[in-house]
Amino acid sequence: MSTAIRVTIWNEYRHEREMPEVAKIYPMGIHGTIAQALDDQGLTVRTATLDEPQHGLNDEVLANTDVLIWWGHAAHNEVSDEIVTKVQQRVLAGMGLIVLHSGHFSKIFKRLMGTDCDLKWRESNDKERLWVVAPGHPITEGIGDYIELEREEMYGEPFGIPTPDTLVFVSWFTGGEVFRSGACYTRGQGKIFYFRPGHETLPTYHNAEVQKVIANAVRWAAPTATRELIRGNTRSLEK
Ligand code: ZN
């Protein structure tokens with residue numbers, strides 16, 4: 001018997017409320033647009049935002065989340081360390097985590113990576129071509145050789161992440177830079193996917209292929225064989 005994967009989409013949700021040009025592209029918020037896309041794919045979706053109590057991530061929500069999606073940008077330091085620790089613990093216990101775009105600088109991503117997660121950037125409407133470098137990987141299902149986004153913010157190497165377990169996409173930008181734009185990790189029993197595109201002033205999350213990748217990543221990151229671990233002082237199994 002299979003049950004629907006329970007996804008929580010977390011969004012900082014400040015730009016959409018403060019910048020009319022962002023609100024125009026995402027009238028329901030970035031989280032609302034992604035929620036609709038994942039709902040259409042048959043996933044069970046809820047959303048949570050920074051300015052809700054406990055950022056919308058209380059214990060009950062976290063306990064009932066199989067995969068958490070994270071979009072943040074301007075207010076990373078307003079996310080409480082206590083919630084970050086709870087999210088980290090859930091990931092180590094098997095919850096999937098998908099970190100989008102400027103979430104590379106979120107507390108939770110930096111905590112789980114253990115590196116600075118810094119990069120080069122430029123807002124100049126570069127074209128981005130995300131090359132699939134792991135054909136056959138579940139996250140690339142239904143995607144051809146590449147995804148092309150007519151306009152995106154540029155992120156460039158060197159990206160301060162640990163070497164990924166699997167690198168799924170490498171981006172090329174018209175400015176000449178390249179970037180590891182789709183990266184898989186495991187931490188404890190949890191699976192993590194970083195996915196680069198999604199600048200707030202551009203309609204990237206309305207793109208069907210971007211939506212497809214996020215839905216694929218949710219299915220890939222959903223917990224499968226997680227269990228309570230036996231730890232600490234232990235008796236010999238043999239006499
Ligand atoms: Zn951006």
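This is a predicted model: local features need pLDDT of at least 70, side-chain atom pairs count only at pLDDT 80 or more; totals for chains, interfaces and linings use all residues.
Biologist: Is H199 buried or exposed?

Modeller: A residue counts as buried under 20% relative accessible area. E153 has 7% relative accessibility and is therefore buried. H199 has 3% relative accessibility, so H199 is also classed as buried.

Biologist: Which strands are at the edges of the sheet?

Modeller: The open sheet has 9 strands with mixed pairing, in the order β2-β1-β3-β4-β9-β8-β7-β5-β6. An edge strand here pairs on one side only. That applies to β2 (44–49) and β6.

Biologist: Which residue in β9 stands opposite V99?

Modeller: Strand β4 covers residues 96–100 and is joined to β9 by 4 bridges, with the two strands running parallel. β4 also pairs with β3 in the parallel sense over 4 bridges, and there V67 stands opposite G96. On the β9 side, the residue opposite V99 is Y194.

Biologist: Which residues of β4 point the other way from G96, I98 and L100?

Modeller: In a regular strand, side chains alternate between the two faces of the sheet. In β4, 5 of the 5 residues are buried, so the strand is largely enclosed by the rest of the structure. G96, I98 and L100 point one way, and the other way point L97 and V99.

Biologist: What angle does the direction of α7 make with that of β9?

Modeller: Helix α3 (residues 29–40) lies across β1, β2, β3 and β4, and runs at about 160° to β1. Helix α7 packs on the sheet as well, touching strands including β1, β3, β4 and β9. Its direction makes an angle with that of β9 of about 165°.

Biologist: Which elements give two or more residues to the lining of the largest pocket?

Modeller: The largest pocket has a volume of about 220 Å³. Its lining has 14 residues, and H73, S102, H104, W121 and Y155 lie nearest its centre. The elements giving two or more residues to that lining are β5 (120–132) and β6.

Biologist: Where is T140 found?

Modeller: T140 has 5% relative accessibility and so counts as buried. Beyond its neighbours within four places in sequence, its contacts include V132, F169 and N216. T140 is found in the loop between β5 and β6.

Biologist: Which residues does a cis peptide bond join?

Modeller: Most peptide bonds are trans. The exception described here has an omega of about 5°. P158, one of its two residues, lies in the loop between β6 and β7. The bond joins E157 and P158.

Biologist: What is the phi of C117?

Modeller: Most residues other than glycine have a negative phi. Q54 is not a glycine but has a positive phi of about 55°, and at 41% relative accessibility Q54 therefore counts as partly exposed. C117, in the loop between α6 (107–113) and β5, is buried at 0% relative accessibility. C117 is not a glycine either, and its phi is positive, at about 60°.

Technical notes:
Residues are numbered from 1 along each chain as its sequence is written. Side-chain values use heavy atoms; hydrogens and water are left out. Buried means under 20% relative accessible area, exposed over 50%, partly exposed in between (1.4 Å probe, protein chains only). Two strands pair if DSSP finds at least two bridges between them. Contact means heavy atoms within 4.5 Å. Axes are lines fitted to C-alpha atoms, for helices over the stretch in contact, and angles run from 0 to 180 degrees between N-to-C directions. On a 1 Å grid over the protein atoms alone, a cavity is a set of points where a 1.4 Å probe fits but cannot get out, and a pocket is an open set with protein on both sides within 12 Å along at least five of seven lines; lining residues have an atom within 4 Å of a point. Grid points are joined across faces, edges and corners, and a volume is the space filled by probe spheres set on the points.
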